[in-house]
Amino acid sequence: RTATRGFAVAQIGVALASAFAYVFLDSLPGLAARMDGDGSRRLIDAGLSVLVLLPSTLCIGATFPFAVRILARDETEAGGATARVYAWNTLGAIAGAVGTGFVLLPWLGFAGMLTLLLATGLVLAFVAALATTPRLRIPAAVAVALGASLLVVRPEPPWELLRTGPLTRTPQGGEIVFHEVGRSTTVMVRRLRSEFVLSTSGLPEASVGGTLSRTGKFAVARWLGAVGALARPEGESMLMVGLGGGLAIEAVPQTIRELHVVELEPAVVAANRFIAPDRARDPLSDPRVRVIENDARAAMALTERRYDVVASQPSHPWTAGASNLYTREFFELVKQRLVPGGVFVQWMGLNFIDLDLLGVLLATLLDTFEHVQVYQPEGAAGIQFVASDEPLDLVAGTERALARDPETLASIGIHEPADVEVSLVLDSRGAKLLAAGATINRDRRNRLQTRSPGVIGRSAIGRGLGKEIGRRDAIGRVVERLGPQATIEALWRHGHFQRLSTLSSAIRDRGWQAYARGLIASSVGDPVRAVAALSVALRERPGLRLARARLLELGRADWLRRGETPPLLEPLRPPERDWLDAARALADAGAPLDPGVEARLAAIDPADPMGPAADRLRAESRLREDSGSAHREALALIDGAGLRSRPSPADVLLRARLTLALGDVPETLQSVHEVVPWAERRRAAVDAAAFLELLEGIEDERAGALRSRLQRIASGA
């Protein structure tokens, strides 16, 4: 009878402790933030975990000895009673783990699951209290009262905790538009201005733009779908490991006729389908795509199918279901699923590795494949490893791929082989040098899994790839093949400003140095320095047509006011003269361009340095029309110009005006949001007054925050 009372009280204790812990969950982020700051983050996390888990687990643990004592009438039955309880406990643990993780939790969600568990515990307490003689009225009454409260009080999901990212440890903003408890993780989609941010268990996985999002955005994700096809342009089949936000699928060239995507979590697929109507393109509607919901290693082990390209973009390297996709065993499995000469592409976030872990990854890949190269698209905080048993020549491959599908590649800014070549950070020789002596990453000793969490926030690589990689940077050999001019222009187009700055310092030529520095200044909101440097470059090397184009655009307001162009640019080339006439017409008329002038601008070759400048004028002209279709055409023009010529703050402003004219306020705010932090970091001479004027008519809390920041920039604070 005493054991039965203890059993009933323990079940009530489990219910109360679990309910209080659940309510307490939303207080955890704020409590952790207040306690953090002295470097004892792990100790604080451990203490908070004990605070949440220990009370209920003590009560859960007490049920076992109570159950044994209930079944054993005396000590002679203790052994048999213990065996029976242990057997049922084991069966219950198995059924609970499988049933809860795969069925109940995805079906009921956190709040529903909590209600079910509390009800189950209280029913057990009630039955136990009535099963003994005499009956235990007080525990039974408490169980009934608490059970009745479940009919009145409906717990809510712990939104504050679910919003909190483990990396930032602060609640993330935005409207939650999708939330689902999956079989392996919790999937959430937040709408932040015009973008959708997909996260799993609070970890950011992808950002997806809206219907008017800038073409070519999120380059590192999109390149993943293209790089393998560039290495083997004749390939027709691809296996993509991880769906993420589906951006990599969008950039897979049409030469790939069959595209299989393996995704561990069905809720990620559901999230992509949910936001499909609000994005520019639904990748899952591509008829080539077949989604396989399974673990990647299991899916590969269960098929004999071979692919021309395997591209892998697993989640963070310490997480379950992803950590074993960075090991020698997985790479060997990939190799078995590649056709002879097939290509493997592996993504890695630079925030998750230091130089030691980079060496580990390279050594592991080189232990599996003969040739490995490393690319960093668009100066992003992510790199891509390209591996094969046959030599890699992405230059020749890009030429062939462009001949077969130029449109898809142009959407990510690849117009010529140089666009790919300048993104090469380590060639096979540099990769082998950096991997020398590094440990092989294996399932039984996964250094990526155990060490990468400690690297976050103090990575020795960072966006610039670090000095060690810089010493082995392949850019020197790229310059030898392309020449200084083509290399400088391609680096600038793709936003590799740090590498371009390093290169300009290494080149012992005044003209090339000025050219590189002038192009950088022209894109970071420093027109005075840009004009000065580009003028020096032109005096040293008069044939730099891109320098002429940038000088014309940067000095537009000045020479329109004076009515003459700088003598340095005389005589003007025909495209330059046509652009000049159009710029004057726009300034004089205050109306859209005359059809004849528009036609001359449209006739300028897009590959000519004046091509992007012409498209910008055409976009300005369409902004003056009272037509939604004209404004959409203008967006396509300005985005196309940005893919061939690095966007400037003026381009961002023009784009923001166009999206506002189309009534897409979130996309307008997104454009302003992108330029403001950049201006704050670089102390750039952004036309803050123009952006402030743009925001005047927008009544929105987010617009107010942006206005405050712009006012500080305008005042020089």
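The model is predicted, and local features were considered at a pLDDT of at least 70 and side-chain atom pairs at pLDDT 80 or more, whereas totals for chains, interfaces and linings use all residues. Residues are numbered from 1 along each chain as its sequence is written, and side-chain values use heavy atoms, with hydrogens and water left out.

The C-alpha trace of the protein spans about 110 × 60 × 50 Å along its principal axes. The protein contains 33 helices and 12 strands; helices (H or I, at least four residues) and strands (E, at least two) are DSSP runs, numbered from the N terminus. Of its 717 residues, 52% count as buried, where buried means under 20% relative accessible area, exposed over 50%, and partly exposed in between (1.4 Å probe, protein chains only). The accessible surface comes to about 32000 Å², and carbon and sulfur atoms hold 56% of this area; accessible areas come from the Shrake-Rupley method with a 1.4 Å probe, and for residues only the protein chains shown count as cover. Among the contacts (heavy atoms within 4.5 Å) with a separation of 6 or more, 68% are made by residues 24 or more positions apart.

Strand β11, residues 382-388, is mostly covered, with 7 of its 7 residues buried. From β11, Gly382, Gln384, Val386 and Ser388 point one way, while Ile383, Phe385 and Ala387 point the other way.

An α-helix has 3.6 residues a turn, so residues three or four places apart point the same way.

Several backbone features lie in loops. A cis peptide bond joins Thr133 and Pro134, with omega about -10°; Pro134 is placed in the loop between α4 (78-131) and α5 (137-152). A cis peptide bond also joins Glu570 and Pro571, with omega about -5°, and Pro571 belongs to the loop between α25 and α26 (574-589). Positive phi values occur at Arg193 and Ser201, neither of which is a glycine. Arg193, with phi of about 55°, sits in the loop between β2 (186-192) and β3 (195-200) and is buried at a relative accessible area of 14%. Ser201, with phi near 50°, is found in the loop between β3 and β4 (203-208) and counts as partly exposed at 43% relative accessibility.

Ala128 lies in helix α4 and is buried, its relative accessible area being 10%. Leaving aside residues up to four places away in sequence, Ala128 touches Thr4, Phe7 and Ala8. The C-alpha atoms of Ala128 and Gly663 are separated by 64 Å, the two residues being 535 residues apart along the chain.

The second largest pocket has a volume of about 860 Å³. On a 1 Å grid over the protein atoms alone, a pocket is an open set of points where a 1.4 Å probe fits, with protein on both sides within 12 Å along at least five of seven lines, and lining residues have an atom within 4 Å of a point. Grid points are joined across faces, edges and corners, and the volume is the space filled by probe spheres set on the points. The lining consists of 30 residues, of which Glu553, Arg556, Ser648, Ala650 and Asp651 lie nearest the centre of the pocket. At least two lining residues are supplied by each of α22 (510-523), α24 (545-554), α25 (556-562), α28 (610-623), α30 (649-661) and α32 (688-695). Helix α30 provides the largest share, 6 residues. By class, the lining comprises 17 nonpolar, 3 polar and 10 charged residues; Ala, Val, Leu, Ile, Met, Phe, Trp, Tyr, Cys and Pro count as nonpolar, Asp, Glu, Lys and Arg as charged, and the others, Gly among them, as polar.
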